[in-house]
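Trainee: I would like to go through this model and ask what stands behind the words used for it.
Mentor: Go ahead, and we will take the terms in turn.

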Amino acid sequence: MSYRVTLIPGDGIGPEVTKAAQVVAAATRVSIDWEVVEAGEKAIASVGTPLPDAVLDSVRKNRVALKGPITTPIGGGFRSVNVALRQQLDLYASVRPARAIAGEGTRFPETDLIVVREATEGLYSGVEHWIDREHTAAESTAVVTRKATDRILRFAFELARRDHRKRVTAVHKANILKTTGGLFQTAFREMAPQYPDIPSDERLIDNMCMQLVKKPEEYDVIVTTNLFGDILSDLCAGLAGGLGVAPGALYGDGLAVFEPVHGSAPKYAGQDKADPVAEILCVERMLRYLGETEAADRVFRVVWETIAEKKVVTYDLALPGYTQTPVPASSCSAMAAEIARKVPIVDLAAPLPRPRGGGPGGDPHLEA
Ligand code: NAD
């Protein structure tokens, strides 16, 4: 069987890490027919818009996409392509697992968290304007609907039930944001009793940040609104070893787009230096979604072992904090080639040290 998958290479380090991911995908021998479409800076240069209809059409047609990061101009310029893609395709659930995978570099080796972030509304709804002509005051509106809140909460509880996770924590700021936060809190309190088998609780966002950097092992599935989820997923990536190793997935109804947590890291663009692991783990998650479980297991295990061996790792995993004995940094393409070399020959039966909660789970669509 061959799968047709949309590939959006993206900006900055995007083309390098998606190329690395393709090399590893090819090594699994799962037949993937990539349909490459450009969004972001290349699309502006070629067709004058950062998110051409061809990109949306391709994802709608193929139902599955692998995406690199896309640059968003800061403080002005065009609207985020990432936000627009999520809204236009109704990719409402952003699932970002943070598993301690980076060996000695993981300050919290017990970290095994999943951030489930509502990805279509909240403060990223795009409703903002200047109040006066002089641009001395501005307003942004957070749109929080009961429909979108209920579906992200249900997604989180279903994920927890399916993957035998120990707890769901809702994160909000309902003490200050009494309407938007209050709606989220009320919806959570009404949904939690429908899942009596899954312990659940709530945290205010500020307290959650403090709790996570003190004792992340006490948390499991975290469900929250768009902005809080964006920030918390970077924080959790840091706990688990850094942005270079943090994959993610976006789910809509019958659609899935796999993209790393990290951005386009423009300062490393074109240097063959960026860590390809996050994008490679996006391939792992994509293979699982497609039902190619053994191939996914191979990719995950080889990534794990390659990081643990610390012979062929990129600069971020070769930093002194990550290894007791310094190792030379390898390039993005060299690390991908090493992972690809091992994928067909790895011994899946050998014992693998796993974080608490276990393995490459955390995804309600794994066998969908
Ligand atoms: P970033 O994630 O691109 O980079 C932050 C830092 O993390 C980098 O300086 C680098 O040190 C490190 N880093 C990130 N990815 C790495 C990798 N694969 N290997 C090694 N180190 C890595 O965040 P930023 O600098 O805030 O954003 C840059 C651009 O990316 C912005 O335009 C932003 O809007 C965009 N962005 C896009 C997405 C997306 O496409 N989903 C997500 C986040 C940011």
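**Terms and values**

Mentor: In this predicted model, 25 Å separate the centres of domain 1 and domain 2, taken over C-alpha atoms.

Trainee: Which residues make up domain 1 and domain 2?
Mentor: Domain 1 covers 2-106 + 241-367, and domain 2 covers 121-225. The bounds come from an automatic or database domain assignment.

Trainee: What makes the largest pocket a feature of domain 1 and domain 2?
Mentor: Its lining takes at least three residues from each of domain 1 and domain 2. The space in this pocket is about 1300 Å³. It is lined by 46 residues, and Ile-70, Thr-72, Ser-80, Asn-82 and Asp-230 are the closest to its centre. Two or more lining residues come from each of helix H4 (81-88), strand S6 (122-130), helix H8 (226-240) and helix H11 (315-318). S6 gives the most, with five residues.

Trainee: Why is a cavity not called a pocket?
Mentor: A 1.4 Å probe fits in a cavity but cannot get out, whereas a pocket is an open set of points. The structure holds three cavities of 30 Å³ or more, and the largest cavity has a volume of about 60 Å³.

Trainee: What lines the largest cavity?
Mentor: The lining includes Pro-97, Ala-98, Arg-99, Ala-237, Ala-240 and Leu-281. Strand S4 (93-99) and H8 each supply at least two of the lining residues, and S4 gives the most, with three. By class the lining has nine nonpolar, one polar and one charged residues.

Trainee: How do you know that the span of helix H6 is close to the expected one?
Mentor: H6 (residues 180-191) has twelve residues and reaches 17 Å from its first C-alpha to its last, against 16 Å expected at 1.5 Å a residue.

Trainee: Which residues of H6 are buried, and what covers them?
Mentor: The buried residues are Thr-180, Gly-181, Gly-182, Phe-184, Gln-185, Ala-187, Phe-188 and Met-191. Their cover includes strand S7 (138-143), helix H5 (146-162), strand S8 (168-172), strand S9 (200-204) and strand S10 (221-224).

Trainee: Why is His-129 called partly exposed?
Mentor: Its relative accessible area is 40%. Buried means under 20% and exposed means over 50%, so His-129 counts as partly exposed. His-129 lies in strand S6. Leaving aside neighbours within four places in sequence, His-129 is in contact with Ala-138 and Glu-139.

Trainee: What makes the phi of Arg-29 worth a remark?
Mentor: Most residues other than glycine have a negative phi. Arg-29 is not a glycine, yet its phi is positive, about 70°. Arg-29 lies in the loop between helix H1 (14-27) and strand S2 (31-36). Its relative accessible area is 68%, and the cut-off for exposed is over 50%, so Arg-29 is exposed.

Trainee: Is Ala-265 buried, exposed or partly exposed, and where is its place in the chain?
Mentor: Ala-265 has a relative accessible area of 28%, which lies between the 20% and 50% cut-offs, so Ala-265 is partly exposed. Its place is in the loop between strand S12 (256-258) and helix H9 (277-289). Phi of Ala-265 is also positive, near 30°.

Methods. Residues are numbered from 1 along each chain as its sequence is written. This is a predicted model: local features need pLDDT of at least 70, side-chain atom pairs count only at pLDDT 80 or more; totals for chains, interfaces and linings use all residues. Side-chain values use heavy atoms; hydrogens and water are left out. On a 1 Å grid over the protein atoms alone, a cavity is a set of points where a 1.4 Å probe fits but cannot get out, and a pocket is an open set with protein on both sides within 12 Å along at least five of seven lines; lining residues have an atom within 4 Å of a point. Grid points are joined across faces, edges and corners, and a volume is the space filled by probe spheres set on the points. Helices (H or I, at least four residues) and strands (E, at least two) are DSSP runs, numbered from the N terminus. The expected span of a helix is 1.5 Å times one less than its number of residues. Buried means under 20% relative accessible area, exposed over 50%, partly exposed in between (1.4 Å probe, protein chains only). Contact means heavy atoms within 4.5 Å. Ala, Val, Leu, Ile, Met, Phe, Trp, Tyr, Cys and Pro count as nonpolar, Asp, Glu, Lys and Arg as charged, and the others, Gly among them, as polar.
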